[in-house]
Amino acid sequence: MNIPSPENVGTHVVVAMSGGVDSSVAAALLVERGYDVIGMMLRLWSEPGTEAHNRCCTPQAMALARRAAAGLGIPFYVLDVKEFFHAQIVQFFVDGYRKGVTPNPCMMCNRKIRFGELLSRARDLGADYLATGHYARIRHKNGKMELLRGVDRNKDQSYVLSVLDQPQLRRAMFPVGEFPKEEVRRMARKFDLPTAERNDSQDLCFLAGGDYRDFLSRHAPDVERPGPIVNTEGRLLGEHRGLAFYTIGQRKGLGISSPVPLYVRHKDVQRNALVVTTRDGLGKRELLAAGAHWISGAPPDSAFKADIQTRYTARAQRGTVTPLDEGAFRVIFESPQRDITPGQSAVIFDGERVLGGGIIQPLEEKT
């Protein structure tokens, strides 16, 4: 188990507990290893005027986390960050759709909330580390911290942790990253944790299982701006409800008739036009990313081959990465890629090691 001995490092660790099996086992492993552990849960924003709770801090999840902490004999605290979460994450989500892109709020949450605000509060309590239940690993090599994929590739979460920098990684622990999910469940039963059989949550936490389109209609009604649906030749095919309500690669729900299936190829924000194409027209070999973040702290000196993952659920694909000025990089893939989506992150891997990433930008296309 790749958890350093507390004799060699600081002994105090705050564990971000969510009421799920992964964070509960992370806490149990650290207690077993001899660390002085504190459990801490975040109370996040949920939509006012509804009965829905934020999925990350429902009353049930909070009760389970509290019971798990009590069973492990560790203190448990709840940190209220509702307003900060709304300002940093929910607003980021809404503003992204207003700009015609598809944002990934989970990336921002890891940077600003978990390893921003929560890590800061943990340090205020005197903790040396912040541990989470993420499936990823950290390696210390040549004076630098490296972020690695989790052993269980089906659960690997290194993609959403690619935004972390060297100071954050030096204070991070991912105890379950060394294990497959089945082993984590087995350990939860061994530790007699009340979270052992709890299902994993997949949806955005603040949507609480609802559709993002309905959420946008309530919180950003200005995105409901109808416009033309056109093919790549510019032929008018119909009218869309508003660019925010469609995703790259979408086929169903376009409201147009065609003898062959049509898919969303891109959004022309300037013209407020939704551009569709046939399946064969979806592939692209190039992407441009801005806001580049390099785990090592500095960009590579020249172009290099790597594996690039363009969505959390996508498989990494081979391509050539060229660092550009002003914190950008360009990727040329070896084969055409579907569903390259502006607003999502392009994360760069060298085998199991995360090199960095950036936000995919719209490419100018003629229609």
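Angles between axes count as roughly parallel under 35 degrees, roughly antiparallel over 145, roughly perpendicular from 65 to 115, and oblique for the rest. The axes themselves are lines fitted to C-alpha atoms, for helices over the stretch in contact, with angles running from 0 to 180 degrees between N-to-C directions. The structure is a predicted model, in which local features need pLDDT of at least 70 and side-chain atom pairs count only at pLDDT 80 or more, while totals for chains, interfaces and linings use all residues. Residues are numbered from 1 along each chain as its sequence is written, and side-chain values use heavy atoms, leaving out hydrogens and water.

Helices (H or I, at least four residues) and strands (E, at least two) are DSSP runs numbered from the N terminus. Consider helix H3 (residues 82–98) and helix H7 (residues 212–219), whose axes come within 11 Å and cross at roughly 95 degrees. The two helices are therefore roughly perpendicular to each other. In H3, Val90, Phe93, Val94, Tyr97 and Arg98 meet Tyr212, Phe215, Leu216 and His219 of H7, where contact means heavy atoms within 4.5 Å. By class, this contact has 7 nonpolar, 1 polar and 1 charged residues; Ala, Val, Leu, Ile, Met, Phe, Trp, Tyr, Cys and Pro count as nonpolar, Asp, Glu, Lys and Arg as charged, and the others, Gly among them, as polar.

Arg98, found in H3, is partly exposed, with a relative accessible area of 38%. On this scale, buried means under 20% relative accessible area, exposed over 50%, and partly exposed in between (1.4 Å probe, protein chains only). Arg98 touches residues including His219, Ala220 and Asp222. Its C-alpha atom is separated by 6.9 Å from that of Ala244, 146 residues apart along the chain.

Helix H4 (residues 105–124) has a kink of about 25 degrees centred on Leu118; the bend at a residue is the angle between axes fitted to the seven residues ending there and the seven starting there. Leu118 is one of the buried residues of H4, which also include Ile113, Phe115 and Ala122. Just after H4, Gly126 takes a positive phi of about 90 degrees.

Arg137 lies in strand E5 (residues 136–141) and, at 16% relative accessibility, counts as buried. The side chain of Arg137 reaches the backbone oxygen of Arg149 at 2.7 Å. Among the residues that Arg137 touches are Glu146, Phe174 and Glu352. The C-alpha atoms of Arg137 and Leu148, 11 residues apart along the chain, are separated by 4.9 Å.

Definitions and conventions. A polar contact is a pair of N or O atoms within 3.5 Å; within protein, one must be able to donate a hydrogen and the other to accept it, and residues adjacent in sequence count only if both atoms are side-chain atoms. Lists of a residue's contacts leave out its neighbours within four places in sequence.
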